[in-house]
Amino acid sequence: MGGGGTGAALAWDLSLRGLSVVLVEKGEFTSGTTGRHHGQLHSGARYAVRDRAIARECMEETLILSRIVPQAIEYNGGLFLALTDDEADYADAFIPACLESGIPAREVTVAEAGSWEPAISGAAKRAVWVPDGSFDAWRIPASFLSGAASLGARLRNFTEAVAVEVSGGAARAVIVRSPDHIEETIQCDYVVNAGGAWAGKIGAMAGLDIPVTPAPGAMVAVKARLSDMVLSRLAPPGDGDIVVPQRGLSIIGSTQRRADEPEGVLPTPEEIAFLLSRADELVPGFSRAPLHAAWAAARPLAGRAISDEEGRAISRDFAILGHGPEGVRNMITLLGGKATVLRAMAERAADRVCAELGIAEPCRTRDTVLPSWRGMSVGAPTGKAAG
Ligand SMILES: Cc1cc2nc3c(=O)[nH]c(=O)nc-3n(C[C@H](O)[C@H](O)[C@H](O)COP(=O)(O)OP(=O)(O)OC[C@H]3O[C@@H](n4cnc5c(N)ncnc54)[C@H](O)[C@@H]3O)c2cc1C
């Protein structure tokens, strides 16, 4: 349940292992958080000082994605820039942390960085190159969906899960509703809740209490490609510290607050003003470029927070929650993480599904090149027999 990047990657992995898969998505595929993020392909450098394991996983996944879905990626590199003395000092912890995480970070002179990216601030004190990149937020999941459909997975967009039938300690079926309000029962041997920031609502359908916090973040795009590389502040992860090129646009992000409801989150005027002023620090004149859009998306943080501060303390790692102890032995929830590591999230979840179903098929998603995203047409319900 849930046709974002997580559900799409899982449908692909399980289909490759020979399982019969149905993926239901209440709206258009990727219409949740997946279709709204900046599209930074994280080398992991951003996380390296705080969490080497997350950083290492990001680095490994960027290499895998650039092999299996190259048409969706711009692997142009990234620059971390120090604009203050504190940020300049942070480089001394940042570079070794990246190297220990397998990320080939290297300091370059500010002059060299400026020759690559003339738009960066002249106030930069230090610069570090890392193998960041950008990717198309829609094309990677669409490639997973295209692959799953080619193997017979039934992909049901505009199909909302409205109930989970549980009896004898197991989920027996998912009741779904189509846009014309027709309900249908889908029998199942195993259920995965891949509802992202909506995972709590989906869990409640099976009587489960899922610890998830929707944490909206805002982004602003201007109509100018101001850099080819991803530009970041050389500092611990914070707000308004990344500029990502996306085709002819530049996106500054993001912010983070918590919300009770993931649906319809919007950026506030204060967030937009803050982001533009932060962007101007990294790339002077950013805010003078014509505005393209400002929007927000809800992070599915894997944990419970009642304040913005608590939300920030929750790890950006992903979690696989088994629900056997709560009386639903054949259901898991897969949430958290980042779009960069969706394939790895799906691998771990599919390993668990297969182990519990007694299926000994190995994961093949590391090496199987995905078909083009063009195989995935969107915009209309795909109907019962799609794929
Ligand atoms: C501001 C921001 C910036 C980010 N930037 C980056 C970045 O640059 N790089 C990166 O790697 N990651 C980034 N991320 C993280 C990334 O966006 C998420 O990790 C990822 O998109 C989560 O995917 P998902 O499939 O788990 O969730 P979603 O994409 O939200 O998918 C869940 C789906 O479940 C569906 N659903 C809900 N209820 C039901 C139901 N009852 N029945 C059927 N379907 C249902 C929803 O409609 C939704 O489509 C960012 C996140 C945010 C918030």
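Modeller: Helices (H or I, at least four residues) and strands (E, at least two) are DSSP runs numbered from the N terminus. The model is predicted, so local features need pLDDT of at least 70, side-chain atom pairs count only at pLDDT 80 or more, and totals for chains, interfaces and linings use all residues. Residues are numbered from 1 along each chain as its sequence is written, and side-chain values use heavy atoms, with hydrogens and water left out.

Biologist: Where does H4 bend?

Modeller: A bend is the angle between axes fitted to the seven residues ending at a residue and the seven starting there. H4 bends by about 30° at Asp 92, and Pro 96 follows within four residues.

Biologist: Which residues of H4 are buried?

Modeller: Buried means under 20% relative accessible area, exposed over 50%, and partly exposed in between (1.4 Å probe, protein chains only). In H4 the buried residues include Tyr 90, Phe 94 and Ile 95.

Biologist: How many salt bridges does the structure hold?

Modeller: Side chains of opposite charge can pair when their charged atoms come close. A salt bridge is a side-chain nitrogen of Lys or Arg within 4 Å of a carboxyl oxygen of Asp or Glu. The structure holds 27 salt bridges. One of them joins Arg 52 and Glu 100 (2.9 Å, N to O). This pair links helix H3 to helix H4, 48 residues apart. Arg 52 is partly exposed at 32%, and Glu 100 is partly exposed at 47%.

Biologist: Which residues are linked in a network of salt bridges?

Modeller: Glu 61, Arg 343, Glu 347 and Arg 366 form such a network.
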